[in-house]
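Please read the following report with the model open beside you, and look up each residue and element as it is named.

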Amino acid sequence: MRHTFIASVLAASLAIAGTSHAQTADPAALAQQALDALDAGHYAQVEQLFGPQMAAAVPADKLQAIWESLPAQMGNAKGREQAQVSAQGDTHFVQIPLHFEKAELVAKFAIDASGKIVGFLIQPAQSTSPAPAVAADANFSERDFSVGDGERALPGTLAMPKGNGPFPAVVLVHGSGPQDRDETIGPNKPFLDIARTLAAQGIAVLRYDKRTKARPQDFAGGNFGVDDETTNDAVIAVDALRKTDDIDPKRIFVLGHSQGGMLAPRIAAVSGHVAGLILMAAPTRPLLDILIEQNRRLAALNDGKIDDAERAAINAIIEQVRITRDPKTAATSPTVMGQPAGYWRSIEAVDAVSEAQQVKLPMLLLQGARDIQVVDADWQNWRDAFADDAEATFKLYPKLNHLGIAGEGEGSLAEYQQPGHVDAHLLTDVAAWVKQH
């Protein structure tokens, strides 16, 4: 969910199709028109933009429930910024930052060649602030590092300890969504924290921009799966590190966060050169089921109840999941969170526990007890599967959320907008485990 595997904001993921009524040569104008109508409460007008499939899933009353549920979580709306437009083939993608009292969000639209809106997503905005420079007296350095060759290569950063190698190394693998190399979520940069802390303790760390972030044009046409999005690039990253001076090629580990943790065993299996796995908030169950569960949980966090507006929003997601899983739905059809049905089906084919059992590698499993996205059910699945495995180490942190950042009380989406850093105890545990292997 960006993501990281971030839950959508109460059914903020809507795949919709338009009619000739709304066709326009300007994708940004169409996106602003849709938001203007939502702000004005003209939900029936917005419904006119829907194709038959989406009109059945999210008629005007449900659309109203979804839109009007946002202030309950994020506070009052405080305006929006200008649209940013990019293109993938014949599809235009429009991003419009939305300001709320408690959070910064971004509305994302996908608009096809005929001027129809085929995807609509609202999610927490990423921080635009760059990573701070490495201190001059730090015991590590950073340099640009390319994952892959040619025009398809992904830009990355290698944090390298100072001194004499060879050093053990870790490849960081993102959660869902188009993540940058720091896995930026609101003002937080968990991968930056992990990379620099481990590098300061003698462990090289490679982080890179995810393909969906760096090269969205590679996904034009909608015929892709989760291996195209994540697995293949992580395998290339491992191979590139093995050929890097001062890196120990026999001590390269994969740290996967959220969806990246779910895919880490597969990455190891395809690579054949991974020494161990670090799974941070890794799901074990189908992500589409977890998405529905997340939204139910988030709805209840406000007042302990699910009201009519929230129920309508959840039902809209359930309908989108049903459409996604329907074999009659074309693999390239945009569905949940605007992603093609075939992409979700490729994720549903991943059995993280079984694949981890097959690779038979040392594993460090990390879980925050305040995580509202990947929860105790997933944690217990890992515990049950590897309870008798001497090579599996489990660490549960009572105060940590999905990002590995400490907090108090119930977790919430708004918490991701509060600046923090990945917990020092978790990072100490990771460094010690890597050095032991």
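This is a predicted model: local features need pLDDT of at least 70, side-chain atom pairs count only at pLDDT 80 or more; totals for chains, interfaces and linings use all residues.

Helix 7, which covers residues 226–242, gives the largest share of the lining of the second largest pocket, namely four residues. Sorted by class, the lining holds six nonpolar, three polar and six charged residues, and the space inside the second largest pocket comes to about 200 Å³.

Strand 11 runs over residues 247–257 and is mostly covered, since eight of its 11 residues are buried. Which strands pair with strand 11? Strand 9, made of residues 167–173, pairs with strand 11 in the parallel sense over six bridges, and in this pairing valine 173 stands opposite glycine 256 of strand 11. Strand 12, made of residues 276–280, also pairs with strand 11 in the parallel sense, over five bridges, and here valine 254 stands opposite leucine 277 of strand 12. Between strand 11 and strand 12 the chain passes through helix 8 (residues 259–271), and this β-α-β crossover is right-handed.

Serine 258 sits in the loop between strand 11 and helix 8, while alanine 281 sits in the loop between strand 12 and helix 9 (287–303). Serine 258 has a positive phi although it is a residue other than glycine, and alanine 281, not a glycine either, has a positive phi too. Because its relative accessibility is 0%, serine 258 counts as buried, and alanine 281, at 4%, counts as buried as well. The table sets out the values for these residues.

| Residue | Phi | Relative accessibility |
|---|---|---|
| Serine 258 | near 55° | 0% |
| Alanine 281 | about 55° | 4% |

The last topic is the aromatic rings, for which the count comes to six aromatic pairs. How are the rings of phenylalanine 224 and tyrosine 343 placed, and what kind of pair do they form? Their centres are 5.5 Å apart and their planes stand at 50°, so the pair is tilted. This pair links distant parts of the chain, because phenylalanine 224 is in the loop between helix 6 (211–214) and helix 7, whereas tyrosine 343 is in helix 11 (residues 341–348), 119 residues apart. Both phenylalanine 224 and tyrosine 343 are buried.

Tryptophan 379 and phenylalanine 394 form an aromatic pair that is edge-to-face, with 5.6 Å from centre to centre and 85° between the planes. Tryptophan 379 belongs to helix 13 (residues 376–386) and phenylalanine 394 to strand 14 (residues 392–397), so this pair ties together parts that are 15 residues apart in sequence. Are these two residues buried or partly exposed? Tryptophan 379 counts as buried because its relative accessibility is 3%, whereas phenylalanine 394, with a relative accessible area of 21%, is partly exposed. Finally, ring pairs link Phe219, Phe224, Tyr343 and Trp344 into a cluster.

Conventions: Residues are numbered from 1 along each chain as its sequence is written. Side-chain values use heavy atoms; hydrogens and water are left out. Buried means under 20% relative accessible area, exposed over 50%, partly exposed in between (1.4 Å probe, protein chains only). Helices (H or I, at least four residues) and strands (E, at least two) are DSSP runs, numbered from the N terminus. Two strands pair if DSSP finds at least two bridges between them. A crossover is right-handed if, with the strands pointing away from the viewer, the path from the first strand over the helix to the second runs clockwise. On a 1 Å grid over the protein atoms alone, a cavity is a set of points where a 1.4 Å probe fits but cannot get out, and a pocket is an open set with protein on both sides within 12 Å along at least five of seven lines; lining residues have an atom within 4 Å of a point. Grid points are joined across faces, edges and corners, and a volume is the space filled by probe spheres set on the points. Ala, Val, Leu, Ile, Met, Phe, Trp, Tyr, Cys and Pro count as nonpolar, Asp, Glu, Lys and Arg as charged, and the others, Gly among them, as polar. Rings of Phe, Tyr and Trp (its six-membered ring) pair if their centres lie within 6.5 Å; planes under 30 degrees apart count as stacked, over 60 as edge-to-face and the rest as tilted.
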